[in-house]
Amino acid sequence: QVQLVESGGGLVQAGGSLTLSCAASGRTFSSYAFGWFRQGPGKEREFVATITRSGLNAFYADSVKGRFTVSRDNAKNTVHLQMISLKPEDTAVYYCAARSGLAASPTPAEYDYWGQGTQVTVSS
């Protein structure tokens, strides 16, 4: 069982940086792959980034590739999403999710646990 608590959202101007954190509870943190998703008003939830349970591989949506970096610290049971060069179109609620098993995935339905979400607003 894993519970996720997100933090780090807020208001930032275009071109700025922000780092989101996801704190996970549970004794088997290292057994889960993690993903970040986002959902803007009137839009479906979309894939942002994912990282394997080993932390050795990460994958990104084309829209954020080169600007966002996902990382994990298994010793501290945390996952991070570092965002730079933020754009107004990055404005959304960002969700952390965990998936049991080996592989990471860009598909929301394949994740077992979700955080409550944190709002990121990028002003123009």
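Colleague: In which sense do strand 4 and strand 9 pair, and over how many bridges?

Modeller: This is a predicted model, and in it strand 4 and strand 9 pair in the antiparallel sense over 8 bridges.

Colleague: Which other strands does strand 9 pair with?

Modeller: Strand 9 is joined to strand 11 by 3 bridges, the two running antiparallel, and Ala92 stands opposite Val120 in strand 11. Strand 9 also pairs with strand 10 in the antiparallel sense, over 2 bridges, and there Ala97 stands opposite Trp114.

Colleague: How many residues of strand 9 are buried?

Modeller: As a general idea, side chains in a regular strand alternate between the two faces of the sheet. In this case strand 9 is mostly covered, with 7 of its 9 residues buried.

Colleague: How many aromatic pairs does the structure hold, and how is the one between Phe37 and Tyr111 arranged?

Modeller: The structure holds 6 aromatic pairs. Phe37 and Tyr111 form one that is edge-to-face, with 5.2 Å from centre to centre and 80° between the planes. Because Phe37 lies in strand 4 (residues 32-39) and Tyr111 in the loop between strand 9 (92-100) and strand 10 (113-114), this pair ties together parts that are 74 residues apart in sequence. Both Phe37 and Tyr111 are buried.

Colleague: What is the arrangement of Tyr95 and Trp114, and are these two residues buried or exposed, or in between?

Modeller: Tyr95 and Trp114 also form an edge-to-face pair, at 6.5 Å centre to centre and with 75° between the planes. Tyr95 lies in strand 9 and Trp114 in strand 10, so the pair ties together parts that are 19 residues apart in sequence. For accessibility the cut-off matters, since buried means under 20% relative accessible area: Tyr95, at 14%, counts as buried, whereas Trp114, at 28%, counts as partly exposed.

Colleague: In what order do the strands of the open sheet run, and which are its edge strands?

Modeller: In a sheet that is open, the thing to look for is the strands that pair on one side only; here those edge strands are strand 1 (3-7) and strand 7 (68-73). The sheet has 4 strands in the order 1-3-8-7, with antiparallel pairing, and its neighbouring strands are turned by 15° against each other on average, direction ignored. Within this sheet, strand 3 (residues 18-25) and strand 8 (residues 78-83) pair over 6 bridges in the antiparallel sense, and Ala23 stands opposite Thr78 in strand 8.

Colleague: What does the side chain of Thr118 reach, and is Thr118 buried or exposed?

Modeller: Thr118 is placed in strand 11 (residues 118-123) and, at 11% relative accessibility, counts as buried. Its side chain reaches the backbone nitrogen of Gly9 at 3.2 Å. Leaving aside neighbours within four places in sequence, the residues in contact with Thr118 include Glu6, Leu20, Ala92 and Tyr94.

Colleague: Where is Lys76 found, and is Lys76 buried or exposed?

Modeller: Lys76 is found in the loop between strand 7 and strand 8, and with a relative accessible area of 63% Lys76 is exposed.

Key
Residues are numbered from 1 along each chain as its sequence is written. This is a predicted model: local features need pLDDT of at least 70, side-chain atom pairs count only at pLDDT 80 or more; totals for chains, interfaces and linings use all residues. Side-chain values use heavy atoms; hydrogens and water are left out. Rings of Phe, Tyr and Trp (its six-membered ring) pair if their centres lie within 6.5 Å; planes under 30 degrees apart count as stacked, over 60 as edge-to-face and the rest as tilted. Buried means under 20% relative accessible area, exposed over 50%, partly exposed in between (1.4 Å probe, protein chains only). Two strands pair if DSSP finds at least two bridges between them. Axes are lines fitted to C-alpha atoms, for helices over the stretch in contact, and angles run from 0 to 180 degrees between N-to-C directions. A polar contact is a pair of N or O atoms within 3.5 Å; within protein, one must be able to donate a hydrogen and the other to accept it, and residues adjacent in sequence count only if both atoms are side-chain atoms. Contact means heavy atoms within 4.5 Å.
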